[in-house]
Amino acid sequence: MSPHQRTPNFIIFGEMGVGKSSLVNLIAGDQLAKSSSGAESCTLQSTEYPVTFSDPRLNVNLFDTVGLDSPTMNNAGYLDALVKAHELIVSLRNRGGVHGLLFCMKAGRVSTTVQQNYRLFFEFLCQEQVPLALVITNLENEDNMDDWWTKNKAHIENSGIVPVTHVCITTIKGYQNAYEARYFESRKKVLNMLRELGGSDACSEDVSSWFLRMCKKLRQFLVPAKGLGRSRQKMLQMLTKRCKLRKEDAVQLLQKIDADEEKLVS
């Protein structure tokens, strides 16, 4: 990495308990992050972990976001978590942008919650502009971890999740290091993936400009539906139909993002 190149930034997201903190530790080769309890998942913050290597070209900044559970939108916690995620994406424009989203999920069937979080974070918040890598964890008992993708690729894609790349891994060494070989195999795969994603241009201006344009029109969501323009109505429909949110909660989310944007630019 030359003196003029910035360290790549990666945002890790997924449900609580899927192994996001363990993924940070796997990448770092050290215990940097502690697993969050249910109470800690309500802190509504992301945590930055600068990871450095002997070769500075491999350095990365990891941002471990709050665990997103079922987006029922019946309390302020989920709304605030999404606003914090948006705030992080926008703030990183001054640090070289976002090089990738690491969507962490446990091996298994894709639940409705997983689909909704993917759509809210990737499709709505990032407008599909940031490369998304799927990190499938909990595969330490597989004879060949990569076989899981071969068997489940169709199910993942039929669920609407289409990553630019993926890794099938374990983030644990197990009792008496029973899975140590697969652990180090996993670390190598993840580091290679980050190196590839970090070598590409980051997404910053396109995403941020979209949010700026969107937020200037957010107050118009408060007028009756007949008064909404076609593009604004489309955004509301994305949240209510595509992401299965109640209309009043979708409006509240957009209002919160509007207030957050005003705070950032003031």
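The model is predicted, so local features need pLDDT of at least 70, side-chain atom pairs count only at pLDDT 80 or more, and totals for chains, interfaces and linings use all residues. Residues are numbered from 1 along each chain as its sequence is written, and side-chain values use heavy atoms, with hydrogens and water left out.

The protein chain has eight helices and six strands. Helices (H or I, at least four residues) and strands (E, at least two) are DSSP runs, numbered from the N terminus.

**Overall fold**

- From the N terminus on, the elements run β-α-β-β-α-β-α-β-α-β-α-α-α-α.
- The protein chain has 266 residues, and 48% of them count as buried. Buried means under 20% relative accessible area, exposed means over 50%, and partly exposed lies in between (1.4 Å probe, protein chains only).
- The accessible surface of the protein chain comes to about 13200 Å². Carbon and sulfur atoms hold 46% of that surface. These areas come from the Shrake-Rupley method with a 1.4 Å probe; for residues, only the protein chains shown count as cover.
- Take the contacts in the protein chain with a separation of 6 or more: 73% of them join residues 24 or more positions apart. Contact means heavy atoms within 4.5 Å.

- Strand S5 spans residues 132-137, and six of its six residues are buried.
- Leu132, Leu134 and Ile136 point one way from S5. Ala133, Val135 and Thr137 point the other way.
- In a regular strand the side chains alternate between the two faces of the sheet.
- Strand S4 (residues 100-106) runs parallel to S5, and six bridges join them. Two strands pair if DSSP finds at least two bridges between them.
- Lys106 has Thr137 as its bridge partner in S5.
- Between S4 and S5 the chain passes through helix H3 (residues 112-125), in a right-handed β-α-β crossover. Right-handed means that, with the strands pointing away from the viewer, the path from the first strand over the helix to the second runs clockwise.
- S5 also pairs with strand S6 (residues 165-168), in the parallel sense, over four bridges.
- Ile136 stands opposite Cys168 in S6.
- The chain goes from S5 through helix H4 (residues 147-158) to S6, and this β-α-β crossover is right-handed.
- Val162 is found in the loop between H4 and S6. Val162 counts as exposed because its relative accessibility is 52%.
- Val162 and Leu132 are 30 residues apart in sequence. Their C-alpha atoms are 8.2 Å apart in space.

**Nonpolar cores**

- The largest nonpolar core has 31 residues. Such a core is a set of buried Ala, Val, Leu, Ile, Met, Phe, Trp, Tyr and Cys residues joined through side-chain atoms within 4.5 Å.
- Ile11, Leu101 and Phe121 have the most contacts inside this largest core.
- Strand S1 (9-13), helix H2 (76-91), S4, H3, S5 and H4 each supply at least two residues of this core.
- H3 gives the largest share of this core, six residues.
- Leaving aside neighbours within four places in sequence, the contacts of Leu101 include Ile11, Phe13, Phe121, Leu132 and Ala133.
- A second, separate core has 23 residues, among them Val51, Val167, Leu194 and Leu197.

**Salt bridges**

- The count comes to four salt bridges. A salt bridge is a side-chain nitrogen of Lys or Arg within 4 Å of a carboxyl oxygen of Asp or Glu.
- One of them joins Arg95 and Glu48 at 2.6 Å, N to O.
- This pair links distant parts of the chain, 47 residues apart. Arg95 sits in the loop between H2 and S4, and Glu48 in strand S2 (residues 47-51).
- Arg95 is partly exposed at 34% relative accessibility, and Glu48 is partly exposed at 33%.
- Asp146 bridges to Lys189, with the closest N and O atoms 3.0 Å apart.
- Asp146 lies in the loop between S5 and H4, and Lys189 in helix H5 (residues 180-198), 43 residues apart.
- Lys189 counts as buried because its relative accessibility is 18%, whereas Asp146 is partly exposed at 36%.
- Glu185 also forms a salt bridge with Lys189, the closest N and O atoms being 3.9 Å apart.
- Glu185 and Lys189 both lie in H5, four residues apart, about one turn of the helix.
- Glu185 is partly exposed, with a relative accessible area of 35%.
- Shared partners join Asp146, Glu185 and Lys189 into one network of salt bridges.
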